[in-house]
Amino acid sequence: MYKFAATFRADFQRYYFYSSGHPLLRMLRCWCAPGLQAIAVMRFGQWSRKRILPLRLVCDPLYLVLQALVKIVWGIEVPRGTQIGRGFYIGHFGGINISSTAVLGKNCNISQGITIGVSGYGDKKGVPIIGDNVYIAPGARLFGKISIGHNAKIGANTVIHDDIPDNAVVVLDPGYRILSFKGNINPNQVE
């Protein structure tokens with residue numbers, strides 16, 4: 001019970017740090033944050049998995065209902081099999097999918113619309129292992145048997161499928177490319 005409480009306390013402190021206002025208002029904002037609710041459910045699921053069978057018969061159905069609610073209401077899927085270090089922070093909710101076999105270090109920040117998933121075949125099949133103090137921006141996709149170093153920043157909409165070293169900042173190549181000057185007009189269209 002102590003490890004569960006200490007780990008969740010670190011998660012809560014990250015949310016408290018990012019909120020503002022009177023201490024009671026900050027605590028209320030933390031408890032209302034979809035990300036903290038998702039983390040609480042995940043941590044509860046991990047805690048219940050290690051209990052004796054009679055207690056699991058009560059806790060596991062509760063976990064499954066709470067996990068389904070988090071997925072349906074907030075669009076956050078963080079299964080209890082996921083290994084996440086203390087101080088995990090989800091800045092914005094919606095479209096968050098993390099594999100049940102992914103590993104994230106401590107004090108990681110993630111944003112909305114991210115996927116951390118399984119990819120590959122044979123020896124190359126696997127999930128990302130993410131270091132400590134990593135920031136993953138909105139829309140990023142990380143997949144396959146890769147390693148993301150400590151203190152890395154993954155930019156918005158970046159697709160990562162290779163290892164990233166410590167302290168790296170990875171962004172999508174900015175800009176755009178013109179593919180055609182034909183516009184949006186159908187040549188068979190009658191005016």
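Q: Which helix holds Thr7, and is Thr7 buried or exposed?
A: In this predicted model, Thr7 sits in helix α1. Its relative accessible area is 14%.

Q: At what angle do α2 and α3 pack?
A: Helix α2 covers residues 23–32. Its axis and that of α3 are 5 Å apart. The packing angle is about 60°.

Q: Which residues of α3 meet α2, and how many of the residues in this contact are charged?
A: From α2 come Cys30, Trp31 and Cys32. They meet Pro34, Leu36 and Gln37 in α3. By class the contact has five nonpolar residues and one polar residue, and the charged ones number no residues.

Q: Are α3 and α4 roughly parallel or roughly antiparallel?
A: Helix α3 spans residues 34–49 and helix α4 spans residues 53–74. Their axes come within 9 Å and cross at roughly 155°. Angles over 145 degrees count as roughly antiparallel. The pair is therefore roughly antiparallel.

Q: What is the handedness of the α3 and α4 crossing, and how many nonpolar residues does their contact have?
A: α3 passes α4 in a left-handed crossing. Residues of α3 in the contact include Val41, Phe44 and Trp47. On the α4 side, Leu62, Tyr63 and Leu66 are among them. Next to four polar and three charged residues, the nonpolar count is twelve.

Q: Which element gives the most residues to the largest nonpolar core?
A: This core has 42 residues. The elements that give two or more residues to this core are α1, α3, α4, β3 and β4. With seven residues, the top contributor is α3.

Q: Which residues touch the most other members of the largest nonpolar core, and what does Leu104 touch?
A: In the core, Phe88, Ile98, Leu104, Ile130, Ile136 and Ile148 touch the most other members. Take Leu104, not counting residues up to four places away in sequence. Its contacts are Thr82, Gln83, Ile84, Gly85, Phe88, Ile98, Ile116 and Ile130.

Q: Where is Gly126, and how far is its C-alpha atom from that of Ala102?
A: Gly126 is in the loop between β7 and β8. At 15% relative accessibility, Gly126 counts as buried. Not counting residues up to four places away in sequence, Gly126 touches Gly117, Val118, Ser119, Gly144 and Lys145. Ala102 is 24 residues apart from Gly126 along the chain, and the C-alpha separation is 8.6 Å.

Q: Where is Asn157, and what is its phi near?
A: The loop between β12 and β13 holds Asn157. Its relative accessibility is 47%, so Asn157 counts as partly exposed. Phi is positive, in a residue other than glycine, with a value near 60°.

Q: What is phi of Asn167 near, and does Asn167 count as buried or exposed?
A: Asn167 lies in the loop between β13 and β14. Phi of this non-glycine residue is positive, near 65°. Relative accessibility is 53%. The cut-off for exposed is over 50%, so Asn167 counts as exposed.

How values were computed
Residues numbered from 1 in each chain as written. Predicted model: local features only at pLDDT ≥ 70, side-chain atom pairs only at ≥ 80, totals over all residues. Heavy atoms only, no water. Axes fitted to C-alpha atoms, helices over the stretch in contact; angles between N-to-C directions. Helix = DSSP H or I, 4+ residues; strand = E, 2+ residues; numbered from the N terminus. Parallel < 35°, antiparallel > 145°, perpendicular 65-115°, else oblique. Left-handed = near helix turned anticlockwise from the far one by under 90°. Contact = heavy atoms within 4.5 Å. Nonpolar A, V, L, I, M, F, W, Y, C, P; charged D, E, K, R; others polar. Core = buried A, V, L, I, M, F, W, Y, C linked by side-chain atoms within 4.5 Å. Buried < 20%, exposed > 50% of the residue type's maximum accessible area, 1.4 Å probe, protein only.
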